[in-house]
Amino acid sequence: SSDDSSSRSRRSPMNEANLTLGWIPLFPLVAALWNLVFGRWIMRTLGDRLGREVVHLVAIGAVAFSCFYTFSIVFEAMVGQGYDRVVHRIYPWIVSGETMVGFDLMIDHLSAVMCMVVTGVGLLIHIFSVGYMAKDGSYWRYFAYLNLFMAAMLILVMGKSLVLTFVGWEGVGLCSYLLIGYYYDESEKASAG
């Protein structure tokens, strides 16, 4: 009977929780789209000071939500309940014959540490950027790019398949280009981008 229980435990699947992980990259992505679409209009309509407040509060709030949600999932599901990984199967993305690549997000022990670092350090960078970019005319564009970078980095870290990880990698590359060449009207900075 002890052989039966040990063979059952060897054959049992990894202890896995199915929780909603999509919120973690979704909030920075929505904030990026919000600031890209409405940021300039908000700054013109509400005035420079109040417009900047709205732009950076949307950007920082989205990253703060992702950060706190990441920490709550890691400590509740993985530490508290002992799950080895948390998976969110969003939808089947690429289907070709027998091959199916899902748009699936996953946090295991390694990606949990990376998600906490990305969201924690990203939140600090967003807060620091408020003062650093205070006099910039395209304040809204900077925070949109920064939020887009966060979303891409989180998809890179949380992607369950190599295809989705590659999408995150390319998104990080695009955002690096956009942020490095942010001052595109200055030739040195544009060529650096």
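The protein chain carries 13 positive and 15 negative side chains, and the centres of the two sets lie 4 Å apart. Lys and Arg count as positive and Asp and Glu as negative, while His and the chain ends are not counted; each charge is placed at NZ of Lys, CZ of Arg, CG of Asp or CD of Glu. The model is predicted, so local features need pLDDT of at least 70 and side-chain atom pairs count only at pLDDT 80 or more, whereas totals for chains, interfaces and linings use all residues. Residues are numbered from 1 along each chain as its sequence is written, and side-chain values use heavy atoms, with hydrogens and water left out.

The structure holds one salt bridge, a term that requires a side-chain nitrogen of Lys or Arg within 4 Å of a carboxyl oxygen of Asp or Glu. The partners are Arg 52 and Asp 48, whose closest N and O atoms are 3.0 Å apart. Both belong to helix 3 (residues 48-80), and because they are four residues apart there, about one helical turn separates them. Arg 52 is buried at 10% relative accessible area, whereas Asp 48, at 45%, is partly exposed. Here buried means under 20% relative accessible area, exposed over 50%, and partly exposed in between (1.4 Å probe, protein chains only).

Helix 3 also contains Ala 64, which is buried with a relative accessible area of 15%. From Ala 64 to Phe 75 is eleven residues in sequence and 16 Å in space, C-alpha to C-alpha.

Leaving aside residues up to four places away in sequence, Asp 104 touches His 88, Arg 89, Ile 90, Tyr 91, Met 158, Gly 159, Lys 160 and Leu 164. A contact is defined by heavy atoms within 4.5 Å.

The chain as a whole has seven helices and three strands, in the order α-β-α-α-β-β-α-α-α-α. These are DSSP runs numbered from the N terminus: helices are H or I of at least four residues, strands E of at least two. Of the contacts between residues at least 6 apart in sequence, 70% join residues at least 24 apart. Buried residues make up 41% of the 193 residues. The C-alpha atoms fill a box of roughly 75 × 40 × 25 Å along the principal axes.
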